[in-house]
Amino acid sequence: MAAFQENRRVEQSAERIAPAELRDPSLVGFWQHWLEKRPEGGLPLRSAIDPIRFPRLLPRMFIVQVSGEPAVFSYTLVGEENIEAHGSSFKGKDVRDLDGPWPGYGASLHDFYSFVVAGREPVAARGVMSFLDKEFRRFESVYLPLADEQGRVCRILGAAHYSS
């Protein structure tokens with residue numbers, strides 16, 4: 001799989017933005033909390049950020065576990081609004097499995113998550129989920145890499161905001 005290029009689209013109808021460009025106040029607060037927990041020159045530990053601290057954001061939150069080499073990305077938490085937005089839960093699934101219902105979507109996410117892991121920086125995206133037949137197709141999201149005790153990215157903590 002080719003590496004995600006900085007100017008490449010996250011998916012066909014979405015683009016990467018700087019986290020400072022986020023419009024949703026709860027996503028901005030989430031990103032700022034990550035920044036506060038980040039040690040100089042490193043990443044916050046998975047244990048340093050408790051999703052429960054953001055109760056209003058929990059339905060829009062997701063956690064992607066990063067394992068193996070080459071990397072496998074699987075969902076360990078998928079909030080209810082994410083399930084509603086996509087029409088099903090991805091919990092326990094490898095992101096590449098999403099190619100089944102939406103050809104190319106899982107591969108695009110795998111590519112994107114590889115980019116987040118390699119960059120070791122927060123990433124945000126905004127766009128339209130044109131592949132879904134839903135009223136609230138617009139989204140904005142943030143992806144926050146978290147480290148294990150050895151400093152390797154072990155999770156991507158994320159949240160999304162959906163609107164029509």
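The model is predicted. The chain has 164 residues, and 46% of them count as buried. Its secondary structure comes to 3 helices and 6 strands.

**Overall fold**
- Read from the N terminus, the elements run β-α-β-β-α-α-β-β-β.
- Take the contacts between residues at least 6 apart in sequence: 56% of these join residues at least 24 apart.

- The 6 strands form an open sheet in the order S1-S4-S5-S6-S2-S3, with antiparallel pairing.
- Strands S1 (14–17) and S3 (72–78) are the edge strands, because each pairs on one side only.
- Neighbouring strands of this sheet are turned by 25° against each other on average, direction ignored.
- S4 (residues 123–128) and S5 (residues 138–147) run antiparallel and are joined by 6 bridges.
- Gly-127 has Phe-139 in S5 as its bridge partner.

**Helices against the sheet**
- Helix H1 (residues 25–37) packs on the sheet and touches S2 (61–67), S5 and S6 (153–163).
- The direction of H1 makes about 15° with that of S5.
- Helix H3 lies across S1, S2, S3, S4, S5 and S6, and runs at about 90° to S3.

**A closer look at H3**
- H3 covers residues 105–119, which is 15 residues.
- At 1.5 Å a residue, H3 should span 21 Å; its end C-alpha atoms are 21 Å apart, so the two values agree.
- Buried residues of H3 include Tyr-105, Leu-109, Phe-112, Tyr-113 and Val-116.
- In general, an α-helix has 3.6 residues a turn, so residues three or four places apart point the same way.
- Arg-120 follows H3, and its phi is positive, near 55°.

**Salt bridges**
- The count comes to 5 salt bridges.
- One of them joins Arg-60 and Asp-24, with the closest N and O atoms 3.4 Å apart.
- This pair links distant parts of the chain: Arg-60 sits in the loop between H1 and S2, and Asp-24 in the loop between S1 and H1, 36 residues apart.
- Both Arg-60 and Asp-24 are buried.
- Arg-96 forms a salt bridge with Asp-94, and their closest N and O atoms are 3.0 Å apart.
- Arg-96 counts as partly exposed because its relative accessibility is 35%, while Asp-94 counts as buried at 17%.
- Arg-152 and Asp-148 also meet in a salt bridge, at 3.1 Å from N to O.
- Asp-148 has a relative accessible area of 18%, so this residue is buried.

Conventions:
Residues are numbered from 1 along each chain as its sequence is written. This is a predicted model: local features need pLDDT of at least 70, side-chain atom pairs count only at pLDDT 80 or more; totals for chains, interfaces and linings use all residues. Side-chain values use heavy atoms; hydrogens and water are left out. Helices (H or I, at least four residues) and strands (E, at least two) are DSSP runs, numbered from the N terminus. Buried means under 20% relative accessible area, exposed over 50%, partly exposed in between (1.4 Å probe, protein chains only). Contact means heavy atoms within 4.5 Å. The expected span of a helix is 1.5 Å times one less than its number of residues. Two strands pair if DSSP finds at least two bridges between them. Axes are lines fitted to C-alpha atoms, for helices over the stretch in contact, and angles run from 0 to 180 degrees between N-to-C directions. A salt bridge is a side-chain nitrogen of Lys or Arg within 4 Å of a carboxyl oxygen of Asp or Glu.
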